[in-house]
Amino acid sequence: MAKITKTLIANRGEIALRIVRTLDALNIASVAVYHPLDAEAPYVEAAGEAVEIEGDTPVGAYLQGERIIEAAKQTGADAIHPGYGFLSENAAFAEAVEAAGLVFIGPRAETIRLMGDKITARTFAAENDVPLAPSVTLGGDLAAFLKAAKEIGFPLLIKASAGGGGKGMQIVEKADELETKVSLAASEAERAFGDGTLYAEKLVGNPRHIEVQVLGDGQGNAIHLGERECSIQRRFQKIIEEAPVPSLPPKTRIAIHETAVGLAKATKYRGAGTVEFILGSDGAFYFLEMNTRLQVEHPVTEMITGIDLVAEQISIAETGKLDRVQEDIIFEGHAIEARLYAEDADNGFLPATGPLLVFKPPKGLGVRVDGGVKEGAEVSSAFDPMLAKLIAYGTDRETAVERLRAALEETVCLGVTTNIDFLARLATHPAFLAGEYDTGFIAKYDSDLKPEAMNKVDLEILLAIACLSGKGPFAPPPPAPEPYASMGEWRN
Amino acid sequence: MMNRIFEIDGERYDVSSIVDGEISKRGDGACWFYNNEGSHFVWMVRDGDRIFVRMNGRTYQIDEIDPRSMATDGAAAEDTAKAPMPGTVISIEAAPGQEVRNGEILLTIESMKLQTQITAWRDGVVDEIHLAEGDEFDRGASLVSLKGEEE
Amino acid sequence: MERIRSHIDTKGKTFKAYADHNAQVLAEFHQKQKASRFDRPERDLDRLAKQNKLFVRERLNLLLDPGTPFLELSSLAANQAYDGEVPGAAMVNGIGIVSGREVLVMASDSSVKGGALYPLSVTKSVRALDIAIENRLPVVHLTDSAGAFLPLQAEIFPDKYDGGRVFRNQAILSKMGVPQVAVVLGHGTAGGAYIPALSDYAVIVRGTGGIFLGGPPLVKAATGEDVTADELGGCDVHTQISGTADYPAENEAEGIAKARELVALLPKAEKTVIDWEEPEDPFYDAEELYGIIPDDIKKQFDMREVIARIVDGSRFHEYQPAYGTTLVCGYARIWGYKVGILGNNGVLFNDSAKKAAHFMQLCDRDKVPLVFLQNITGFMIGKDYEREGITKDGAKMIMVQAGVDVPKFTVLVNGSFGAGNYGMAGRAWDPRFLFTWPNSQISVMGAEQAAKTLTMLKVAQLAKQGKQLSQEEIAAIQTPIFEEYSRQSSAYFATSELWDDGIIDPVDTRNALGISISASLNAPIERQPGGIMRF
């Protein structure tokens with residue numbers, strides 16, 4: 001274990017920028033890699049050095065493991081941080097990095113492999129007393145799978161073994177849809193992850209999605225940094241997350257923490273990871289998966305613990321030790337994160353593209369913005385549509401909620417359609433304010449969350465502003481000179 | 001009097017181009033809009049014919065519609081292209097019934113050693129090509145017609 | 001400048017009596033004007049609709065910028081001629097704003113006899129173009145005229161200021177560099193064809209617009225050729241083949257929109273700069289004028305009270321306040337423009353005539369436009385005054401007035417009789433604009449005086465022949481003379497004959513003058529400086 005002096009970030013966008021911030025704070029030199037489309041991105045400017053990469057597609061560039069390792073060697077980096085997504089849960093890449101003599105800031109490859117495969121992950125979890133929802137895996141025998149799936153009962157959730165993020169997922173309400181949805185899920189999984197293996201599990205009715213942040217030293221010691229509530233999702237994409245989880249019975253909270261830590265210890269987990277659970281309304285919770293990387297929503301944990309998770313990852317990578325024990329972790333206050341996406345929330349959440357002509361992130365008290373774009377950037381469909389994370393912190397949930405609301409109101413995004421108004425409606429919904437919601441929140445309150453009709457006054461003002469915004473195809477006449485202008489519509 | 005047409009959320013609005021109010025721009029997108037009823041602080045930016053406004057905590061997108069792109073009152077645009085000068089038809093690139101885009105080439109004519117492409121003057125469907133390849137024609141002869149536009 | 005201190009008791013009996021009387025006068029005026037502008041036989045409106053033509057005022061609404069004023073000139077022209085069948089002399093002229101530009105609009109009113117030109121129509125057109133020339137105002141022609149009303153051709157065609165003068169004025173306007181845009185909305189036959197031809201830009205509407213020196217019937221009669229109006233001189237003929245018109249338009253709205261575009265492209269106005277400050281509304285309410293103007297032409301009132309309800313802030317700097325008190329002179333602002341005002345407060349005496357001459361010289365030297373508010377019965381007559389040289393002094397006033405280079409604007413506030421009209425810049429003295437109030441009267445002398453004088457002459461004549469007349473017989477002679485005089489001296493007769501640029505409601509005087517002054521500044525003010533003579 002040696003001190004890291006220069007780290008290459010194998011990622012882009014907001015997480016790359018966020019990692020650079022910590023590297024700067026730790027006086028570690030940073031190297032960014034970028035596809036030409038990202039040449040002007042803030043993270044590229046912020047990094048100490050930058051290396052251009054290419055691929056068949058823009059996203060593909062960031063999956064070129066060999067090229068990235070080469071770039072690290074070229075620039076003299078001694079470590080690679082994979083961020084989230086892309087190569088972060090690619091065991092082969094982790095191995096290649098270490099084989100190249102570089103430090104992979106993340107878990108060991110075997111842990112990645114173990115937890116990366118949903119089926120091996122579940123098997124391991126079961127062996128380690130982690131509760132699981134009844135499920136069955138599609139091996140080669142489709143008929144047996146279908147039969148077992150039917151036995152589990154409906155509704156059923158079909159999931160891809162190889163990946164997440166909603167791809168390869170299907171909800172099956174009735175037996176007669178089973179076969180069609182299974183083949184749909186399989187082909188989607190094949191396309192997205194190169195692996196069509198599926199498993200089916202009982203769908204817990206409107207569960208809550210709770211996850212626990214863990215840190216492990218790779219030797220079998222692990223601690224948790226609290227849980228996060230991630231139930232506000234749409235099509236399995238998280239939109240708003242918060243920490244700690246509101247209205248959670250203390251016993252359940254403790255049990256979830258302990259289960260997560262237990263699993264981390266059992267895998268001899270190294271670095272930062274997240275154990276995700278489904279919590280039913282009856283208080284029972286089930287293991288969902290373990291993400292062997294930093295999560296998008298990690299900032300809310302950082303806000304309530306005061307701990308820089310990227311710094312922890314680096315420290316563990318350097319020293320192989322945890323520099324804290326569980327008792328050292330103090331939880332204070334409440335944090336909520338809202339994800340700003342370039343999408344049309346009022347029209348089927350279709351991804352939006354366009355120039356980000358005006359982008360004014362919020363700057364209020366207790367607000368943190370992890371953004372990956374700057375004003376003037378062209379938002380294209382080449383990459384993930386997430387523009388920034390808006391995180392609000394307060395001494396209690398009420399304060400955090402109010403600060404989030406104010407931050408959302410303050411945020412200005414013009415030029416490309418974003419979900420900012422939708423986020424504002426989510427964050428002010430009574431159910432959200434009460435902290436009483438589950439993964440069915442958005443569907444349940446669908447009509448509440450629709451935008452209000454425009455009122456007449458606002459409409460008139462908008463139309464007036466539209467006229468004044470520019471000349472349009474027919475330039476309006478120049479204004480009348482005086483004294484005519486002051487006389488208005490006078491006739492004799 | 002030239003009215004202006006804007007579309008917001010799928011609804012079209014026809015407004016007079018004389019506005020009750022003024023706008024003062026700060027340069028970074030922030031503006032103050034004033035009229036007799038008061039003043040409003042808004043964020044506004046215009047990109048081509050698309051206008052984005054953030055006002056009272058809501059984001060709006062307004063599209064300015066070119067009135068000429070809307071169907072006119074019955075007396076529709078010319079449906080037939082006529083020859084600007086005498087010449088010969090060199091080649092025909094479209095067929096009756098074919099859907100064509102504004103600017104798509106329909107036929108090529110030659111005259112005075114110059115070749116001219118006759119292109120579609122709007123999106124539409126080809127109704128009839130009045131001549132064949134090799135035909136000679138006089139100035140003003142009908143060359144190609146598009147089907148009349150419906151409302 | 002100090003505000004005029006009004007001494008009108010707005011709650012008093014006199015005020016009320018005058019106000020009631022003037023309410024009637026104004027009601028009559030507004031009713032006549034409305035009828036002249038809008039009352040048309042049903043069949044004429046139907047005909048327009050069938051021809052797909054818009055009513056002239058709809059065309060004006062399409063042409064003028066919304067939210068802008070329009071000063072209509074001589075709306076009651078020909079109201080007492082041709083049996084009242086040609087209201088407005090079949091045209092609407094005025095000054096307004098098109099695409100942010102100050103222009104003079106001349107529009108045929110085809111709802112009146114198809115827009116035919118009567119003798120007074122020609123007078124109205126020539127006057128409008130004279131205004132354009134004197135003030136260098138661009139002109140927009142909205143032509144839609146059936147042509148000359150042939151039965152009266154002798155009064156329409158041959159003389160110096162008849163039909164030909166219209167086209168001569170257009171040509172001279174062009175030579176002066178003043179632009180003209182024409183929109184052909186109907187058939188322009190013979191003379192009418194020249195209007196677009198002499199304009200810088202011509203738009204013609206397909207289907208209804210036509211330009212031809214001889215229409216189809218004339219062509220058929222002259223050469224036997226059978227041809228439709230469209231084939232002869234329609235839109236396509238002139239925009240594609242002959243080049244007589246520049247822009248085809250599918251319909252009137254399009255044609256007028258094109259005209260707006262053309263006006264927007266005209267060179268920007270280069271206006272003469274005169275002393276101007278931010279305007280201020282008058283302190284006193286203009287409506288009070290109704291209680292200030294008496295109910296009888298013989299009753300006097302203080303012209304300062306009128307001035308106070310026209311000028312900015314009711315502020316007036318009176319010149320020589322203690323001398324020549326029957327003529328009020330002073331500086332004020334109207335819509336910000338500094339002007340020199342002359343207003344009658346009685347008969348003109350030697351001193352008032354001399355004061356006027358001196359004041360007008362000052363204004364002329366300092367580029368201050370002059371505004372004349374007339375309420376004058378004439379110069380003082382009598383032995384003493386002749387000895388003092390009233391004729392000579394009157395001549396001084398007239399000489400200076402005629403010779404000033406600054407623009408003049410005249411309003412007949414009440415009486416305008418005899419040489420007083422002349423001294424105070426009546427029609428013959430080329431004020432840029434001359435407006436009258438509905439109560440005003442204009443003649444060589446008052447009707448009563450004239451009737452009495454003429455009757456006395458007649459009685460004396462008959463007395464020489466030994467005839468004595470009874471009271472009734474005298475009255476029988478006097479009354480018709482009085483009535484005829486009254487008729488011919490009324491504001492309605494005057495405006496019918498186009499002796500003025502229109503009757504206006506007194507409360508509109510401020511705006512009318514504001515627009516007039518603004519319009520006049522399109523022309524330069526060339527001055528020949530000379531010393532000021534203290535007469």
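Q: Where is Ala425(C) found in chain C?
A: In the loop between helix 16 (418-423) and strand 15 (433-436) of chain C. Keep in mind that this is a predicted model.

Q: What about phi of Ala425(C)?
A: Phi is near 60° there, a positive value in a residue other than glycine.

Q: Is Ala425(C) buried or exposed?
A: Buried. The relative accessible area of Ala425(C) is 0%.

Q: And Trp335(C), what is its phi?
A: Positive, about 50°, although Trp335(C) is not a glycine.

Q: Which loop holds Trp335(C)?
A: The one between strand 11 (327-334) and strand 12 (337-344) of chain C.

Q: Why does Trp335(C) count as buried?
A: Because its relative accessibility is 8%, and buried means under 20%.

Q: Switching to chain A. Which residues does the cis peptide bond with omega of about -10° join?
A: Ala243(A) and Pro244(A). Pro244(A) is in the loop between strand 12 (237-243) and helix 10 (250-266) of chain A.

Q: What is the peptide bond from Glu482(A) to Pro483(A), cis or trans?
A: Cis, with omega near 0°. Pro483(A) lies in the loop between helix 17 (456-469) and helix 18 (484-487) of chain A.

Q: How is chain A divided into domains?
A: Domain 1 covers 6-105, domain 2 covers 134-202 and domain 3 covers 208-444. The C-alpha centres of domain 2 and domain 3 of chain A lie 27 Å apart.

Q: Now chain B. How many helices and strands?
A: Chain B has 0 helices and 15 strands. Its radius of gyration is 23 Å, well over the 15 Å that the globule rule gives for 151 residues, so chain B is more spread out than a compact globule.

Q: What box do the C-alpha atoms of chain B fill?
A: Roughly 70 × 30 × 25 Å, along the principal axes.

Q: Which domains does the assignment give for chain B?
A: Domain 1 (4-69) and domain 2 (75-146). Their centres, taken over C-alpha atoms, are separated by 41 Å.

Q: How many of the chain B residues are buried, as a percentage?
A: 34% of the 151 residues. Chain B exposes about 8700 Å², with carbon and sulfur atoms supplying 45% of it.

Q: Last one: how many positive and negative side chains in chain B?
A: 15 positive and 30 negative. The centres of the two sets lie 7 Å apart.

Terms used. Residues are numbered from 1 along each chain as its sequence is written. Chains are lettered from A and ligands numbered from 1 in the order in which they are written. This is a predicted model: local features need pLDDT of at least 70, side-chain atom pairs count only at pLDDT 80 or more; totals for chains, interfaces and linings use all residues. Side-chain values use heavy atoms; hydrogens and water are left out. Helices (H or I, at least four residues) and strands (E, at least two) are DSSP runs, numbered from the N terminus. The radius of gyration is taken over C-alpha atoms; the globule rule is 2.2 Å times the number of residues to the power 0.38. Buried means under 20% relative accessible area, exposed over 50%, partly exposed in between (1.4 Å probe, protein chains only). Accessible areas come from the Shrake-Rupley method with a 1.4 Å probe; for residues, only the protein chains shown count as cover. Lys and Arg count as positive and Asp and Glu as negative; His and the chain ends are not counted. The place of a charge is taken as NZ of Lys, CZ of Arg, CG of Asp or CD of Glu. Domain bounds come from an automatic or database domain assignment.
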